[in-house]
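Dear colleague,

Please find below the structure that I am handing over to you. My notes on what was found in it follow directly after.

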Amino acid sequence: MAIEERDSVTGRETTGHEWNGIKELDTPIPRGVLMFLIVTHIWAIAWWFFVPAWPLGTTYTKGLLGVDQKTTVEAQIVAAREERAAITRRLESEPYDTILADEQLMTVVRGAGRQLFGDNCAACHGTDGRGRAGYPDLTDDDWLWGGGPELIEQTMRVGINSRHSDSRIAMMPAFGRDGMLEREQVRNVATYVYSLSNPDYSTEQNVATIEAGREVFAANCASCHGDNAAGNRDMGAPNLTDDRWVYGGDLQTIINSVHGGREGHMPTWDERLTTTDMRTLALYVHDLGRRQP
Amino acid sequence: MIAKLTSSERQTAVVIVLLVAIAGIAMAAAGRNAPLGVHGLVVILFAGALLYSLLSAFYAPEPTEEREESYYDDPIKVGIVLAMAWALFGMFMGVWIAAQLAWPNLVFDAAWSTFGRLRPTHTTGVIFGFGGNALIATSFHVVQRTSRARLAGQISPWFVLFGFNLFCVLAVSGYLIGITQSKEYAEPEWYADLWLVVVWVTYFLLYIRTLARRKEPHIYVANWYFMAFILVVAILHIVNNLALPISWGSAKSYTIWPGVQDAMVQWWYGHNAVAFFLTAGFLGMLYYYLPVRAGRPIFSYRLSILSFWGITFFYMWAGSHHLHYTALPQWVQTLGMTFSVMLLVPSWASAGNALLTLNGAWHKVRDDATLRFMMAAAVFYGISTFEGSFLAIRPVNALSHYTDWTVGHVHAGALGWVALISFGSIYTLVPSLWKRERMYSPALIEWHFWLAIAGTLVYVFAMWNSGILQGLMWRTYTEEGSLAYSFLDTLVAMYPYYIARTLGGFLFFAGTAIGCYNIWMTIRLVPATVVSEADLPATRAAPAGE
């Protein structure tokens, strides 16, 4: 049955088996393969002696090194905490003014804050903090709810229109959609607001519209945005006289805002960030505005 | 197809299809408007299509020839066509989701088109749809030729093939409507899993009964691998999918495995799906089609034995290396790591055995893109098994885990090894199966080869770069001891690599499309050739080797 033959290319004998034309050579396993096989096995068996490896009923072999991943990582966490303890304590307890005055501590804030901001805030406000339509620019040092680390921390802690019981609450009614203002009035008041930051727009032909809008504004908007439209930080009402806009400052966007209303949303970060992280972020965001006025 | 069945076999087939249809009606009734009901409808449609083709040829003349005197090739032909169709679908989905990662807006305004639902359609489409059909088809071919016996059943090969494809259709359509067990590579829910058990046990019995009918004294290596593939996949599938449905009218089930045991069972399954589905089965292909195409004997029978038993024994232990530095006890991680390293040499022995088999045939590798597909597959197999053992070492894994490096590693194996060996085998198989002189266009095979190689290299290099960069960014600290990069920073750094990955995937997909065209034209236009005496079972051909 089995008829060995010699392969002319390699000079090896076949095993004598054949399947549909396929034959096999009887080549011995190359010595290098066996050596390599032994080396990998020695390496593996050595590991079994040094680290936890084999189960023994309810326990397992602990290994000569006595290492365990849980104790290892716990020790690393303790060590890392200790290393940072001095700085963490200062960030947690010292007044903001003291920290702001300490350039060394602020270097830490700018390093850690950048990463914290990237993982928690950047999805809305952008990695550079410049925001986009609907999400305020945090680098312009112009604040809806007040600047300074204390107020920024407060905003982060309770959020805006969030689920937090002390949430900051702000809502601009949909004057047009809900029928509080006529179509004409919406247009007039938007024109007036637009003219506040665009003085060139107060031309002869626009002046009548603007004046009509001023009256609408006094009756409907001033209660939040103030008689001079400079905003009110207690209510999160933006200053309408500057050229910084949350939703956009072109005439059509202002018409849209007056017509449909606005209700921004910022989640509460209370209990999601540690005190150190919260204070670091408050300082970081404050510093963003301070550095890039 | 149906003309080859006797009248009573046709009746049996109709009964089976009717039983499937009744199961579908029961699912539709129990599930109503819930996802299970939708799947009931899918089953009814699938069974209806089969019933229609059965009944339309029900009264055709019965076969007159002695069927045992020829190999049973019809299911293999259908399997090859299905494999290529799934390849097109699965790879297109892969390109789409790769593009979504680079440009997230590439979705429709509907849940089904989101990344989370499309991703498993890609993995199931390529692994089970393309890979599974290619394995079933080639295993049917190899077992008959190396046993010199016809398949041990007239209906069961069709049952295995269509039953498996019904499972794939249920899987993929389920993901789109939100049905999933949330277990990677084991997403289909309990009823689809139960069905696959029936199909797979039939497959196993068919295979072992065919081997029992062999006219050769020895069982060829390729069959060892196919048997290991079928047997172990059955065990893995059953154990990992032990689950209780929340009701008979719901698609939703909960696994019986709690907590970290669930994680361990899942990755024991997941890794051995790589081992026995994506490795053992395809090594079966390699061991048959490569020596046939090269016209060379296998380099070393002893090396075959070493690598077969090394792979089957060591792979079983390696799954826990997917759970390094997790809640899994460290001793389990150590075992996973060490067995992964001990696995390296047996794996390389297979790749080496394949490449050394080509000694004396390297001029053919140069001239014949089909053989070159298989040569390149062996090289990528060697690369990715080395990489796998390396990534399984805990400190290395600390860097690579959860990064794109893992994705790159998987695709070095899936594109470079699994897909290339399949294409090489299919190009070898198609002309002989359809009794054609040759493939329609050797030039198109060259095009396919180089597109596939370019696509794989672009993909893998992009993911190596992206993964290592990502891993390093995650662990970089500033001098002051805080993390240097936020997660968003890493995404910005990934962006160019995600575009490159999409390009690589597209090149690979384009090659597959060319392959489909070439196969189609071969079947349609290439002149037929006569059946050689060597390609007949031993009942008719002269006894071999006597």
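I begin with a residue of chain A: Asp141(A) sits in the loop that runs between α5 (122-125) and α6 (148-158) of that chain. Please bear in mind throughout that this is a predicted model. The phi angle of Asp141(A) is near 60°, a positive value in a residue other than glycine. Asp141(A) counts as partly exposed, because it has 15 C-beta neighbours inside 10 Å.

Tyr185(B) is placed in the loop between α5 (156-176) and α6 (190-212) of chain B. Is Tyr185(B) buried or exposed? Tyr185(B) is buried, because 20 other C-beta atoms lie within 10 Å, and 20 or more is the cut-off for that class.

The next point concerns the two chains together. Helix α1 (residues 31-50) of chain A and helix α10 (residues 330-342) of chain B have axes that come within 8 Å and cross at roughly 170°. An angle over 145 degrees counts as roughly antiparallel, and α1(A) and α10(B) are therefore roughly antiparallel to each other. On the chain A side, the residues that meet α10(B) are Thr40(A), His41(A), Trp43(A), Ala44(A), Trp47(A) and Trp48(A). Their partners in α10(B) are Thr334(B), Thr338(B), Val341(B) and Met342(B). The residues of this contact of α1(A) with α10(B) divide into six nonpolar, four polar and no charged.

There is also a record for this part of chain A: an unreviewed UniProt entry annotates residues 32-50 of chain A as "transmembrane region". In the model, residues 32-50 of chain A are 100% helix and 0% strand, and the end C-alpha atoms of the span lie 27 Å apart.

Finally, I turn to the domains. Chain A is divided into domain 1 (14-60), domain 2 (71-161 + 279-291) and domain 3 (183-260). The C-alpha centres of domain 1 and domain 2 of chain A are 55 Å apart.

Chain B is divided into domain 1 (9-58) and domain 2 (72-528), with C-alpha centres that lie 30 Å apart. In chain B, 15 residues of domain 1 are in contact with 17 residues of domain 2. On the domain 1 side, the elements that give two or more residues are α1 (7-31) and α2 (35-56) of chain B. The residues of that side divide into eleven nonpolar, three polar and one charged.

With kind regards

Conventions. Residues are numbered from 1 along each chain as its sequence is written. Chains are lettered from A and ligands numbered from 1 in the order in which they are written. This is a predicted model: local features need pLDDT of at least 70, side-chain atom pairs count only at pLDDT 80 or more; totals for chains, interfaces and linings use all residues. Helices (H or I, at least four residues) and strands (E, at least two) are DSSP runs, numbered from the N terminus. A residue is buried if 20 or more other C-beta atoms lie within 10 Å of its own, exposed if 12 or fewer, and partly exposed in between; C-beta atoms are placed from the backbone. Axes are lines fitted to C-alpha atoms, for helices over the stretch in contact, and angles run from 0 to 180 degrees between N-to-C directions. Angles under 35 degrees count as roughly parallel, over 145 as roughly antiparallel, 65 to 115 as roughly perpendicular and the rest as oblique. Two residues are in contact if their C-beta atoms, placed from the backbone, lie within 7 Å. Ala, Val, Leu, Ile, Met, Phe, Trp, Tyr, Cys and Pro count as nonpolar, Asp, Glu, Lys and Arg as charged, and the others, Gly among them, as polar. Domain bounds come from an automatic or database domain assignment. UniProt positions are given in the numbering used here, feature names are shortened, and annotations may be inferred rather than shown by experiment.
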